[in-house]
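Please read it with the structure open.

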Amino acid sequence: NSSTNNNNSSATTSSEQLLDVIERYRTRVFEIATQFNAIFRATATTITPSNNTSGGMTSKSATLLSMWTTRRIHSFLTMLSSSSLSRMQDAASLRDALEACVFFATSMGRLGGDFTALLPPLFEPKMMSLVINHWKEGVNTLQETLKVCRDAGVASPLTAAMPTTTLTSNNINNNSTNNYLGSEQPPRQLLTSPPLARLLNSYLGGLNELRRCLLPGLFPRLRRELNKSLTGVLLILETNQRSVMTPGLRGEATQLREVASGLIQIFQTLLKPYLRGALELAIGDYAIAAEILKQEIEEEKEDVQEEEEEEKEDTEETEGAQEDDQDAEGETEETEKGENVEQEEEEEVEEEEEIQEEDADQQDDVEEEQLQEEEEDIYADNDNEDDDNDEEEEEEPVAAGKVAPAEGWGDF
């Protein structure tokens, strides 16, 4: 506060000193020129017409007065451009100095030395610098704020805890005219982005300075400088977005990325068109302000519609890709299931073949055993018959040469 007070007091002192210098200079030059005219032209008119030197004396006095006046005016303008105007720190002081100089010029106009047309080239650059300094301070503050938050990994200073309004083509078309041309108030959506709100205050501060000392010659330059400044702000926001998108960002990386994209959107859709309209309103051209505003609204509406269409296309593409992935997964699962079924069937067939082979082997073994048992039984029966025959032969011997009759045969 003390430094601000000191700056204000020094600016007031410089302004008062300049006004005193202009007033003293005007008074002395005007008095000398008036007295010169009173003396020499009066003397020339008192000479009799028969004297041929009267016309020459009048022309010489006028030439001398013109030369002297021109030199005094040139010296005064040099003094203004060299150091006096550079000490002006606000538009109000500059306006006071301009009014004093205009009064000086109109006073000299009575003597044929009006230099009003030479004042704008001196005051316009100074007025331009006062306006642009406000803008530059706001841009530098924005850049520094984004850098500090990005380095610290903190996103809370870049957003405000209040309800936000979704930016669509409908609310841009409905709200912009009321905000810009009706109440001349900034869009309330800017309150959700404190850095952009402070930037807007800086721009409006420069325009307020302009309204205190409005010079028509500044209008084209102001438009060019505003476009240049807004282009620089957009470049800063895009650079910030690229910086936060880099991998390895510490802290609230997700929030910082969301805020970065939101700042660009709010700047393009709200802040930029509002500032262009505010400049035209500040210089008093309401018709151009309305025209520019309508153009900006239409452009931003088209941009938002294009973004919405792109988002829809991206969403459809994403959904299509997801469906394709799901279909591919389904096909893969079906293929895997089919392969698994085939494998299971093959395994079942192999198991059945193995079982059949085992059954066949068992049957072969059983048949072999049965054959062996049957052979053993046959061998056993044959042995028994042989034994029985042997016993019968031993019990009933047949007489030699006599054949035993067969059973069932009768005697002859």
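Angles between axes under 35 degrees count as roughly parallel, over 145 as roughly antiparallel, 65 to 115 as roughly perpendicular and the rest as oblique. The axes are lines fitted to C-alpha atoms, for helices over the stretch in contact, and the angles run from 0 to 180 degrees between N-to-C directions. This is a predicted model, in which local features need pLDDT of at least 70 and side-chain atom pairs count only at pLDDT 80 or more, while totals for chains, interfaces and linings use all residues. Residues are numbered from 1 along each chain as its sequence is written, and side-chain values use heavy atoms, with hydrogens and water left out.

**Overall fold**

- The chain has nine helices and zero strands, where helices (H or I, at least four residues) and strands (E, at least two) are DSSP runs numbered from the N terminus.
- Along the sequence the pattern reads α-α-α-α-α-α-α-α-α.
- Of the 412 residues in the chain, 31% are buried; buried means under 20% relative accessible area, exposed over 50%, and partly exposed in between (1.4 Å probe, protein chains only).
- The chain has an accessible surface of about 26,600 Å², and carbon and sulfur atoms hold 48% of this surface; the areas come from the Shrake-Rupley method with a 1.4 Å probe, and for residues only the protein chains shown count as cover.
- Among contacts (heavy atoms within 4.5 Å) with a separation of 6 or more, 81% join residues 24 or more positions apart.

**H3 against H4**

- Helix H3 (residues 91-109) packs with H4 at an angle of about 170°, and their axes are 11 Å apart.
- H3 and H4 are therefore roughly antiparallel to each other.
- On the H3 side, Ala91, Leu94, Ala97, Leu98 and Cys101 take part, and they meet Phe123, Lys126, Met127 and Leu130 of H4.
- By class, this contact of H3 with H4 has eight nonpolar, no polar and one charged residues; Ala, Val, Leu, Ile, Met, Phe, Trp, Tyr, Cys and Pro count as nonpolar, Asp, Glu, Lys and Arg as charged, and the others, Gly among them, as polar.

**H4 against H7**

- H4 also packs with helix H7 (residues 219-244), here at an angle of about 5° with the axes 11 Å apart.
- H4 and H7 are therefore roughly parallel to each other.
- Residues of H4 in this contact include Trp135, Leu142 and Arg150, and those of H7 include Arg221, Glu225 and Val244.
- The contact of H4 with H7 divides into 14 nonpolar, four polar and three charged residues.

**Salt bridges**

- The whole structure holds five salt bridges, each a side-chain nitrogen of Lys or Arg within 4 Å of a carboxyl oxygen of Asp or Glu.
- One of them joins Arg95 to Asp96, with the closest N and O atoms 3.8 Å apart. Arg95 is partly exposed at 31% relative accessibility, and Asp96 is partly exposed at 29%.
- Another joins Asp151 to Lys147, with the closest N and O atoms 3.0 Å apart. The two are four residues apart in helix H4 (residues 120-152), about one helical turn. Asp151 is partly exposed at 37%, as is Lys147 at 42%.
- Glu209 and Arg212 also form a salt bridge, at 3.4 Å from N to O. Both lie in helix H6 (residues 194-212), three residues apart, about one turn of the helix. Glu209 is buried at 12% relative accessibility, whereas Arg212 is partly exposed at 40%.
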